[in-house]
Amino acid sequence: MSSGRLTVLAGPTAVGKGSVAAYIREHVPTVWLSVSVTTRAPRPDEVNGVHYHFVDDGAFESMRAAGELLEWAVVHGAAKYGTPKGPVLEALARGRSPLLEIDLDGARQVRASMPEALFVFLEPPNWEELVRRLVGRGTETAAERERRLETARVELAAAQEFDVRIVNDDVERAARELVSLMDSPEPDVRR
Ligand code: 5GP
C-alpha cells in the first residue's frame, strides 16, 4: 500500500496561513486538508465540520486525554486548537498527502512525533508588511502594539526550524507553490 506524506504549514501570526489554506480548500480538491477541533466560537461564515469541528472545552479535553490529538495548543491565549489524529493517519494510509495549517507550537509537536513530515514556513514579503498586517489600523494601545511586534520577532526567528520557506506575497501564488511542493515526489528542500 502506498503511503502519502504529511505537510505542515506554519508561520507567524497574521502572515496569512488561513488565507492560503482557504484558497487550497476551495481550489485544490486533491489536497486533503485536516479539519481541526477548536473551542472558539464559529464565525458567521464558518461551517462545522468544514472549517473546524467546533467543540466545548469538555469535549476537547476528553479527546486530548484519550490521545486522539496529534498536537494541540492554546492559540493567542484564548481558545484551544488541535489536530484529530485518526483522520490524518487514515488519509496517509490511503496514500493521500494531508496538509495541516497550524501554529508554531503545534508544528513543533508534530516534528517531535512525525519528523518525516515536510515542514513549511510561510513568511511575509518583508518585516514592514507583517507589521502592517499585525497592527492593522493602529487602534490598539502602544503596549499592545509592542507586545504583538515582539511576538512577531520571536515567531519569525522560528523560520530556520523549517524545511522550506514560502513567501506570501500573493495568496494564490503561495498556495500554488505549496501544492507543487506537496506534489513533488521527494522535494530537494531538506536542510
Ligand atoms: P483562527 O481562529 O483565526 O481560525 O486560527 C487561529 C490560529 O490557530 C491560526 O494561527 C491557526 O494556524 C491556528 N490553528 C488552527 N488549527 C490548529 C490546530 O489544529 N492546532 C494548532 N496548534 N493550531 C491551529
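What follows is a short exchange about the ligand site and some residues.

Modeller: Happy to! This is a predicted model, where local features need pLDDT of at least 70, side-chain atom pairs count only at pLDDT 80 or more, and totals for chains, interfaces and linings use all residues. Residues are numbered from 1 along each chain as its sequence is written, and side-chain values use heavy atoms, with hydrogens and water left out.

Biologist: Which residues come nearest to the ligand?
Modeller: A residue is near a molecule if one of its heavy atoms lies within 4 Å of it. There are 15 residues around the ligand, and those that come nearest are Ser36, Arg40, Tyr52, Tyr81 and Glu101.

Biologist: Which strands each supply at least two residues of the shell around the ligand?
Modeller: Strands here are DSSP runs (E) of at least two residues and helices are runs (H or I) of at least four, numbered from the N terminus. The strands in question are E5 (69–75) and E6 (79–84).

Biologist: How many charged residues does the shell have?
Modeller: Asp, Glu, Lys and Arg count as charged; Ala, Val, Leu, Ile, Met, Phe, Trp, Tyr, Cys and Pro as nonpolar; and the others, Gly among them, as polar. The shell has five nonpolar and four polar residues, and its charged residues number six.

Biologist: How far is the polar side-chain atom of Asp103 from a nitrogen atom of the ligand?
Modeller: For scale, a polar contact is a pair of N or O atoms within 3.5 Å; within protein, one must be able to donate a hydrogen and the other to accept it, and residues adjacent in sequence count only if both atoms are side-chain atoms. With oxygen atoms of the ligand, Arg40 pairs through a polar side-chain atom at 2.6 Å, and Glu101 through a side-chain N or O atom at 2.4 Å. For Asp103 and the ligand nitrogen, the distance is 2.7 Å.

Biologist: What is the phi of Ala14?
Modeller: Ala14 is found in the loop between strand E1 (7–10) and helix H1 (17–27). At 32% relative accessibility, Ala14 counts as partly exposed. Although Ala14 is not a glycine, its phi is positive, at about 75°.

Biologist: How far apart in space are Val171 and Gly18, C-alpha to C-alpha?
Modeller: Val171 is found in helix H7 (residues 171–183) and counts as partly exposed at 29% relative accessibility. In sequence, Val171 and Gly18 are 153 residues apart, yet in space their C-alpha separation is 9.8 Å.

Biologist: Why does Ala107 count as buried?
Modeller: Ala107 is found in helix H4 (residues 104–113). Ala107 is buried because its relative accessible area is 2%.

How values were computed
Buried means under 20% relative accessible area, exposed over 50%, partly exposed in between (1.4 Å probe, protein chains only).
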